[in-house]
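The stops below can be selected one after another.

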Amino acid sequence: MADLQTQTLSHTPKGLDQAAQHLRDGGLVAFPTETVYGLGADACNDTAVARIYEAKGRPSFNPLIVHLADLEAVKALVDWNDMAERVARAYWPGPLTLVLPLREGAPVSKLVTAGLNTLAVRLPAAGVARDLLQRFGGPVAAPSANRSGRISPTRAAHVMDSLDGRIEAVLDGGSCQVGLESTILGLAGKPTLLRPGGVTLAQLSETLGTRVAERHDAETISAPGQLSSHYAPRAHVRLNAVDWEEGEARLGFGDVDCDLNLSPTEDLTEAAANLFEFLHQLDSGDAPVIAVSPIPHLGLGVAINDRLSRAAAER
Ligand code: TXA
Ligand code: MG
């Protein structure tokens with residue numbers, strides 16, 4: 001199904017009204033958050049949520065994150081607890097998703113949780129996302145706005161590249177500031193990092209005053225965004241490249257000669273913000289291989305390396 005006329009809407013009262021109306025009508029609207037662009041639908045509307053899976057070509061067992069405008073709205077959907085309170089105070093609104101027990105009677109579509117008894121919730125910080133959520137006034141389910149398995153979008157043009165004709169609209173809010181998906185913290189049992197992202201493991205452990213466990217692939221719960229081949233460009237990806245081979249597209253980091261440099265000054269925040277944009281750019285050329293400089297496994301570097309190793313995984 002690729003026969004819709006996808007509208008590009010602007011961050012104006014009129015654009016926001018149209019976007020919110022599409023959501024009320026069961027339509028799909030891509031919108032920018034501070035992490036990446038999300039593909040939004042009314043989280044309480046089964047048909048609308050089913051269309052997300054269809055548009056993305058995503059396996060239906062993969063649960064979705066619900067985006068909300070304020071804490072009261074979050075508490076209506078999940079069983080809140082002390083740890084959630086602490087991290088929410090420190091990092092919300094922002095690039096952190098919490099997985100909590102689904103509240104009994106919460107009106108969210110079963111397709112959002114993919115049948116789990118937990119729900120992933122997030123309060124985004126970006127102004128466009130907040131304005132849209134406020135206008136719409138209900139929970140919005142939104143995975144990243146790309147075809148399943150592809151690189152996440154950090155600009156409206158990336159969304160159009162993969163979803164033009166499959167969704168009602170994209171709300172254009174420019175580039176995403178963080179550029180990497182949110183950190184996912186499981187708080188339904190002992191605190192567990194389910195996906196590294198914009199907020200680091202060390203930050204979370206410090207805020208909670210306890211060591212946050214890392215999920216190991218052996219004990220995979222249903223967090224299939226963690227399927228190892230994910231974020232896949234068309235080109236093959238060669239990691240930890242300390243020199244370049246003939247014909248490769250060269251994605252550098254630090255003081256190196258390359259085609260695009262994630263951060264000449266080795267600033268990991270800058271590198272995260274550039275990562276998906278630069279992968280998109282290099283992938284649109286002819287090079288069969290994208291070679292990437294080593295990135296230190298520190299702070300945001302952990303999340304960057306996580307995305308890069310998925311981009312490089314066999315498929
Ligand atoms: O930054 C982000 O998180 C972006 C923006 C749009 O908010 N969204 C995003 O969504 O990255 P998505 O669908 O690409 O990734 C959601 C991840 C998946 O790995 C999914 O399996 C996991 O969240 N997830 C969702 N609900 C879960 C649950 N109840 N328990 C465990 N993992 C869950
Ligand atoms: Mg994704």
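A residue is called buried when its relative accessible area is under 20%. Keep that cut-off in mind for the first stop in this predicted model.

Select Cys-258. At a relative accessible area of 17%, Cys-258 falls under the 20% limit and therefore counts as buried. Now select Cys-44. Its relative accessibility is 34%, which lies between the 20% and 50% limits, so Cys-44 is partly exposed. While cysteines are on screen, how many disulfides does a search of the whole structure find? The search finds zero.

Next, select ligand 1 and show the residues around it. There are 27 of them, and those that come nearest are Thr-35, Asn-62, His-67, Ser-182 and Arg-195. By class, the shell holds 14 nonpolar, nine polar and four charged residues.

Turn to the individual contacts of ligand 1. Start with Thr-35, where a polar side-chain atom is 2.6 Å from an oxygen atom of the ligand. Asn-62 also places a polar side-chain atom by a ligand oxygen, at 2.9 Å.

Switch to a surface view. On its own, ligand 1 has 680 Å² of accessible area, and the protein covers 99% of that.

Finally, return to a cartoon view and pick out the strands. Which elements give two or more residues to the shell around ligand 1? They are strand E4 (65–67), strand E6 (118–122) and strand E10 (192–195). E6 supplies the largest share, three residues.

Methods:
Residues are numbered from 1 along each chain as its sequence is written. Chains are lettered from A and ligands numbered from 1 in the order in which they are written. This is a predicted model: local features need pLDDT of at least 70, side-chain atom pairs count only at pLDDT 80 or more; totals for chains, interfaces and linings use all residues. Side-chain values use heavy atoms; hydrogens and water are left out. A residue is near a molecule or strand if one of its heavy atoms lies within 4 Å of it. A polar contact is a pair of N or O atoms within 3.5 Å; within protein, one must be able to donate a hydrogen and the other to accept it, and residues adjacent in sequence count only if both atoms are side-chain atoms. Accessible areas come from the Shrake-Rupley method with a 1.4 Å probe; for residues, only the protein chains shown count as cover. Helices (H or I, at least four residues) and strands (E, at least two) are DSSP runs, numbered from the N terminus. Ala, Val, Leu, Ile, Met, Phe, Trp, Tyr, Cys and Pro count as nonpolar, Asp, Glu, Lys and Arg as charged, and the others, Gly among them, as polar. A disulfide is a pair of cysteine sulfur atoms within 2.5 Å. Buried means under 20% relative accessible area, exposed over 50%, partly exposed in between (1.4 Å probe, protein chains only).
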